[in-house]
Amino acid sequence: MSMEEILSTITGEVFGVWFLIGAALVFFMQCGFAMVESGFTRAKNAGNIIMKNLMDFCIGTVVFCFIGFGLLVGENAFFGLIGIPDLQMFSNWAEFNWASFIFNLVFCATTATIVSGAMAERTKFISYCVYSAVISAIIYPIEAHWIWGGGWLAQLGFIDFAGSSAIHMVGGIASIIGAAILGPRIGKFGKDGKPKAIPGHSLTLGALGVFILWFGWYGFNGAAASDGAFLAQIFTTTTIAPAVATVTTMIFTWLKNGKPDVSMSLNGSLAGLVAITAPCADVDATGSFIIGLVAGLLVVFGVWLLDYVLKIDDPVGAVAVHGFNGIWGTLAVGLFATGNGQDGITGLFYGGGFEQLGIQAIGVVSVGAWAAVTTFLLFMGIKKTIGLRVTPQEEIAGLDIEEHGLVSAYADFVPAVDPTVYDYEMAAPEKRVSVEKAVQVETFAKPTADGQIKLSNIVIICKQSKFEVLKEALNKIGISGMTVTNVLGCGMQKGSTEYYRGVPLEVNLLPKVQVEIVVCKIPVQTVIDTAKSVLYTGNIGDGKIFIYDVENVVKVRTGEEGYDALQDE
């Protein structure tokens, strides 16, 4: 064997190992998705988010073994539309292409997990498992066969090097359809239709997830590089585009809102990564710079469009990041391909004319239509059969406790509470009692002499789910100031027993809201009647109202005391 043949063999083996390392990096991206999605949502759903990301890969592996892989790469393809599963991984172990299987598997899992964030905090776990199985077994493998399995789009010359359309656009389309059918989270949109911010519980986790995803993206984009030079090119473009996108998003939100937006900037990084995924092996630094610039603006527009125009609730920005920028990245191949990349194609701006751009547009429309139709039928089928959304009580309590019996994903860091009793009017209607028993009033105030202005402190303890309506009712009667505290407590009702790793976990303290107000001009009885009218459901646990005398009130800024200190200027 000549030295040239030896070097060629060694190079081939090295890139074979790198191909599998790339697959491992893509698998590690599941951790990144889990961190981003849990960080951008509320703590009461963190365990549910983690479970969905775990099952995306595990359920996906099972169905991909038996059905998905054959549909994607089956050699006996049916008119370039689908491969024909032959189960060679079970029947021809010695000659089976294991590298191809594991690489395509981790890509498949990525497609499935994109939807988790867009439908977070209100989707039934069993329904999500069904979705995950179907997209991994059928929806993704068929369109991926068109692009990477020798199907009709590949024969046409369509280029999607690492999955802007096959993975991210499909995941984004599934996300917007699923979120639209599912409906927004409780409290996301006001009565006037305007969106309300529901901050995630940990930007730290969200940032960690973004860095993990960015790190994994070097394997996502670079694993299929044919030599070291192209691998270096892919690494470079995969660095430039998200960096430019992040800076663009930061500057835009800074100018628009007066301060740079942290969570939107994190979305900007992911948007740039998604957009460069298809053209990463075929564009230069200039092209990747422009692709990132557009991606940084497009992600902000996408979030705004869903919130203010379409009224679709996407807690993590999955549609804007993956859907909008998946489309943009796929079309960018036809604009910025230099002709010197790994695929050897030339885009419009480098003298290649409109041919490649047209082919890319055909791919976007056809794959997009396939994803839209199939995911619509899937989600509607789930909705009409086993149901897609949890009940309002379950959503308010949190999916951790309702779907998994997990009292808290942060048991060592925050008080472990059992929020399963937020709305007893739904859980135990047989316990209806009078308003006097349901909303008890205890007065510790003493009568005053005639003509003397009296200051009263009113403390209201109520369910967390009733706070918003209480606040609005108090505002209507002129209460302009209040102190609100999340507290733990219990009265006649106790927490229910849940299980952690099979061990009973007794929980006695329940989450409540404590509202304190001091009044003098507004009659105390008016406040009591207003609170009772909105808190009463007829069940034990509606709340309590305490009234205390206040000796004096001092406004620190002006030095005013008593009645004057409580008046608005």
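**Entry 1: a surface patch**

I count a residue as buried under 20% relative accessible area, as exposed over 50%, and as partly exposed in between. I began with F90, which has 48% relative accessibility and therefore goes down as partly exposed. A reminder to myself before going on: this is a predicted model.

I then looked up where F90 sits, and found it in helix α3, residues 88–91. F90 also belongs to a nonpolar patch on the surface, along with V62, F66, I67, L87 and I138. Together these residues have about 540 Å² of accessible area. Which helix gives the largest share of the nonpolar patch? I noted helix α2 (residues 46–73), which brings three residues.

**Entry 2: K52, also in α2**

While I was in helix α2 I checked K52, which is found there too. K52 has a relative accessible area of 0%, so I wrote this lysine down as buried. I also looked at K52 against F125, which is 73 residues away along the chain. Their C-alpha atoms are separated by 7.5 Å.

**Entry 3: the second largest pocket**

Next I went to the second largest pocket and noted a volume of about 830 Å³. I found 32 residues lining this pocket, and the closest to its centre are D261, S263, M264, V303 and D307.

Which helix gives the most to the lining of the second largest pocket? My note says α11, with seven residues. I have three helices down as supplying at least two lining residues each: α9 (228–257), α10 (262–277) and α11 (285–310). By residue type, I sorted the lining of this pocket into 16 nonpolar, eight polar and eight charged.

**Entry 4: salt bridges**

How many salt bridges does the structure hold? I have nine in the notebook. I went through some of them one by one.

I took K454 and D549 to start, whose side chains meet in a salt bridge at 3.8 Å, N to O. K454 lies in the loop between β1 (439–443) and β2 (456–463), while D549 is in strand β7 (residues 543–549), so this pair ties together parts that are 95 residues apart in sequence. For K454 I have a relative accessible area of 28%, which means partly exposed. D549 has 34%, so I logged the aspartate as partly exposed as well.

Then I turned to D542 and K463, whose side chains meet in a salt bridge at 3.7 Å, N to O. I placed D542 in the loop between α19 (524–535) and β7, and K463 in strand β2, so the pair ties together parts that are 79 residues apart in sequence. Buried or exposed, D542 and K463? I have both of them as buried.

I also looked up E560 and K555, which form a salt bridge with the closest N and O atoms 3.8 Å apart. The two ends fall into separate classes in my notes. E560 is partly exposed, because its relative accessible area is 31%. K555 counts as buried, because its relative accessibility is 18%.

Which residues are linked with R42 in a network of salt bridges? I wrote down E121, R185 and D313.

Notes:
Residues numbered from 1 in each chain as written. Predicted model: local features only at pLDDT ≥ 70, side-chain atom pairs only at ≥ 80, totals over all residues. Heavy atoms only, no water. Patch = residues over 30% accessible without salt bridge, like charges linked within 9 Å, V, L, I, M, F, W, Y side chains within 5 Å. Areas by Shrake-Rupley, 256 points an atom, 1.4 Å probe, with all protein chains shown as cover. Salt bridge = Lys/Arg side-chain N within 4 Å of Asp/Glu carboxyl O. Helix = DSSP H or I, 4+ residues; strand = E, 2+ residues; numbered from the N terminus. Buried < 20%, exposed > 50% of the residue type's maximum accessible area, 1.4 Å probe, protein only. 1 Å grid on protein atoms, 1.4 Å probe; cavity = no way out; pocket = protein on both sides within 12 Å on 5 of 7 lines; lining within 4 Å. Points joined across faces, edges and corners; volume = space filled by probe spheres on them. Nonpolar A, V, L, I, M, F, W, Y, C, P; charged D, E, K, R; others polar.
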